[in-house]
Amino acid sequence: MSLNKYEVFLKVVELGSLTKAAEVLGFTQSGISHTISSLEMEFGFSLLLRNRSGVKLTVNGEQIVPAMREILKWNEQLKQQVADIHGLETGTITIGTFTSVSVHWLPGMIKEFRREYPYIEFKLMEGGYLEIEQWIESGRIDCGFISLPTREKFEVFPLKKDRMLAILSKDHPLSQAPYMPLAQIAHEDFIIQKAGSDYDARRVLEKAGIHPNIKFTAGDDSAIIAMVENGLGISILPEMVITRQNHNVAMLELEERSFRSLGIAVNSLKYASPAARRFLSHVQAWLKDSPE
């Protein structure tokens, strides 16, 4: 059993291409192809279907991917445990995150953490809430920032409440209002985040019994803000998303104050790597001391 082969195979699966995997890993394409063929001979069945657009998993390949990820995760944990015994404190932490956390929290968190643990490396995977939950469950990441509530099976550490605000163009008749009337939202063109990232806004709308007139769906928060600036509709976004951005929109408190609750989650703290456990403790302490 070669763990290097597993790492190569999973990178090909992640990128969907032998060529891209070769570029990232510093191999030749023939070297990657040979590694995959060697694994297929070892297992006795095909793992990948190759075509002009790239590669995809066979049915048998899909079945073994979770086990491979588990083996590599436990191998990483073993290396970190051995390093701990030697006092080296090394390892890699893979974190699931979304834009507002990546911009406002993670740079400071990681900078402070690496002062104490300079040999621990980080890999960030950015996605929507749903993707991050799936990554935690499948073991692709060590931990992930999420909006609460989340899946009951996870171990969750609540971090901070973030106000939900209505945003309108500066030319909107309500731009100078003291708050956004909830009933009015149903009569406005509405811009919402893509599915999987829209939980926070939809919670506000559903709680108020509002059926919005959704005109646009966007995957990027900055795109939503730009569309609002240009009078294409209104939206509801977390305060942390809107602040620290150059924009020309009016931000209004909602008629009924609402918040999103942010946290960080792991599949199991008991089985988390030493580096991941240290980082979880650091995140909680950092936010407690931070003026954010």
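The second largest pocket is lined by 18 residues, and those nearest its centre are Phe98, Thr99, Gly127, Ser197 and Asp221. A pocket here is found on a 1 Å grid over the protein atoms alone, as an open set of points where a 1.4 Å probe fits, with protein on both sides within 12 Å along at least five of seven lines, and its lining residues have an atom within 4 Å of a point. The model is a predicted one, in which local features need pLDDT of at least 70 and side-chain atom pairs count only at pLDDT 80 or more, while totals for chains, interfaces and linings use all residues. Residues are numbered from 1 along each chain as its sequence is written, and side-chain values use heavy atoms, with hydrogens and water left out.

The second largest pocket holds about 230 Å³ of space, a volume being the space filled by probe spheres set on the grid points. Its lining divides into 5 nonpolar, 7 polar and 6 charged residues, where Asp, Glu, Lys and Arg count as charged, Ala, Val, Leu, Ile, Met, Phe, Trp, Tyr, Cys and Pro as nonpolar, and the others, Gly among them, as polar.

In the largest pocket lies about 930 Å³ of space. Of the 30 residues that line the largest pocket, Leu72, Lys73, Thr94, Lys123 and Arg140 lie nearest its centre. Helix H4 (59-86) provides the largest share of this lining, 7 residues, and at least two residues each come from H4, helix H1 (3-15), strand E3 (91-97) and strand E4 (120-126). Helices (H or I, at least four residues) and strands (E, at least two) are DSSP runs, numbered from the N terminus. By type, the lining of the largest pocket has 11 nonpolar, 9 polar and 10 charged residues.

Turning to helix packing, helix H2 (residues 18-25) meets helix H3 (residues 29-43) at an angle of about 110°, with the axes 8 Å apart; axes are lines fitted to C-alpha atoms over the stretch in contact, and angles run from 0 to 180 degrees between N-to-C directions. H2 and H3 are therefore roughly perpendicular to each other, a term that covers 65 to 115 degrees. Their contact (heavy atoms within 4.5 Å) involves Leu18, Thr19, Ala21, Ala22 and Leu25 of H2 together with Gln29, Ile32 and Ile36 of H3. These contact residues comprise 6 nonpolar, 2 polar and no charged.

Technical notes: Angles under 35 degrees count as roughly parallel, over 145 as roughly antiparallel, 65 to 115 as roughly perpendicular and the rest as oblique.
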